[in-house]
Amino acid sequence: MKIHFFLLFIVALVSCTNINYKLLGNNMVLQRDSPYTKIWGVSDSQVVNIGLLRDGKLADSYDTKVIGKKWVINLKPYPSSGPYQIVVKTDETVSYDNVMFGDVYLCSGQSNMEMSVKLTDNSTAEIADSINYPNLRLFHVKHNQQDKPQDNVEGEWVQSSPSGLGGDWEAGFSAACYYFGREVYKSLDGKIPIGLIESNWGGTLVEAWMSPEALKACNDTIRGDGPNDQSHLWNGQIVPLLNYNIKAALWYQGEANVDFGGAQLYKCSFPSMITDWRKNWNIGNFPFYFVQLAGYAPQAERWSQLRLAQIEATKLSNVYFATAMDIGDPTDIHPRNKQEVGRRLSLIARNQIYGQPIAYKGPTLNSATVTFSQDGHLAFVNLNIDNVVGELLQFKTNKCTRCCSVGTLFSVVTNSRGAVAPLDVSVKGNRIVLFVERTSRDEVVRSVRYAMDAYAECVYRDGSTGLPMNTFEFQV
Ligand SMILES: *[C@@H]1O[C@H](CO)[C@@H](O)[C@H](O)[C@H]1NC(C)=O
Ligand SMILES: *[C@@H]1O[C@H](CO)[C@@H](O)[C@H](O)[C@H]1NC(C)=O
């Protein structure tokens, strides 16, 4: 009797050593066309064998010796294809079914990334429609804040479906991420499987997502409680993903940092996080696309200063952003039009990753020069705008209350009067001219600003692409 109990105990211990890495499972999408795609595990046996089966036939197999307990197998590059069954044989046999090779995207950030499809406009129809994209696959990383790096997460891969999109907030799938993935998937006629990994937490600071090294590079000492403590989400929700090869990362965060650390620190911490994630993933400088803060009226100018700080990250290679300032809600920090957020992110990927000849950048200031009228009474601020495809048109937001006086949109700062509104604005092609009255011949323009309100009304959009002109503050 005693001996039997002892044996049972041993058996239980042995099977416990094979950690079930949740990211590896049925329905997963593995990154295609890449030498960095891995299968990994923990085993007591000395050899691991992996078989890839297609239509029940063995397509490829891999072996590795186990050194210590952990093992990693790098797969050769596979084109977009599937479904495969992957059988892993160690001291036990595990099978992953319905596995596809395609492109994998990580979606991270705070509540505007976490906000689920169910909470967006037109959600009933959108959720019903999700059944049409079986090779759009979703993995929702469960909240997990930790003070030490982890190597596993909770969650499972599911096919796009009403039950996969689920409920509110954490009980549902990220709307910005899903709409991005759906638009990319549709633009490729459903031929390339798309995997979306959502790992986010509402209300969190960038510091929570940064490794200690990344924080140190900016002398960043900002810390909150629980999930907002330094590196807690890096430890719990990013480190366990580092073995999983991805095509690119998407990011929607920054609201929480407006009041903690602010724009000045964010200019260092955000790019530091990107660089550090890239270093730790060790798959090259993968593309990183982020959403700029949406319009939100209760906030002061520091909100738009954070928008400008976010753009600093585009100095890194392969970092682009989608503007959302014109699709915010003046009274709700969680705007419901996430379709357009996802669509704008998808334009970047469609152009940069898939080579589709489409516009993805909104009109952006290139340069500003100042000239004067002959009698000296007027200064002309000449703005040269890049990325103008159609006409620049002023767009009235649906909740606009003081449209569309020029003073709310542009201002110039002069040496003698501080900020002043231009008398008038003329727009022709990619040129905008501001007419500024001068009080004396000694008055000169120091800088020009556009859409620096937290919720800017009447912004310009490109009539052809629908993309808004980006906020700017430019020293002349
Ligand atoms: C609502 O969603 C459905 C399904 O995606 C779509 O066909 C329809 O055009 C959407 N309607 C609006 C008004 O966005
Ligand atoms: C961090 O602090 C060190 C020592 O005070 C300083 O040399 C370094 O320039 C600082 N780095 C940043 C990014 O502020």
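Reply: Gladly, and please keep in mind that this is a predicted model.

Me: What makes S17 and S18 a pair of strands?

Reply: Two strands pair if at least two bridges are found between them; strand S17, residues 410-414, has three bridges with S18 in the antiparallel sense, and therefore the two count as paired.

Me: Why are S18 and S23 called edge strands?

Reply: The open sheet has four strands in the order S18-S17-S21-S23, with antiparallel pairing. Strand S18 (418-420) and strand S23 (472-475) each pair on one side only, and that is what the edge strands do here. From one strand to the next, the twist averages 20°.

Me: What makes a set of residues a nonpolar core?

Reply: The members must be buried residues of nonpolar kinds such as Trp and Phe, joined through side-chain atoms within 4.5 Å. The largest such core here has 70 residues, among which Trp 277 and Phe 288 touch the most other members. Helix H8 (residues 262-281) gives the largest share of this core, seven residues.

Me: Which residues is Trp 277 in contact with, leaving aside its neighbours within four places in sequence?

Reply: Trp 277 has heavy atoms within 4.5 Å of those of several such residues, so the word contact applies; among them are Leu 106, Trp 209, Trp 251 and Phe 288. Another core, of 40 residues, lies apart from the largest one, and its members include Tyr 105 and Ile 348.

How values were computed: Residues numbered from 1 in each chain as written. Chains lettered and ligands numbered in written order. Predicted model: local features only at pLDDT ≥ 70, side-chain atom pairs only at ≥ 80, totals over all residues. Heavy atoms only, no water. Helix = DSSP H or I, 4+ residues; strand = E, 2+ residues; numbered from the N terminus. Axes fitted to C-alpha atoms, helices over the stretch in contact; angles between N-to-C directions. Buried < 20%, exposed > 50% of the residue type's maximum accessible area, 1.4 Å probe, protein only.
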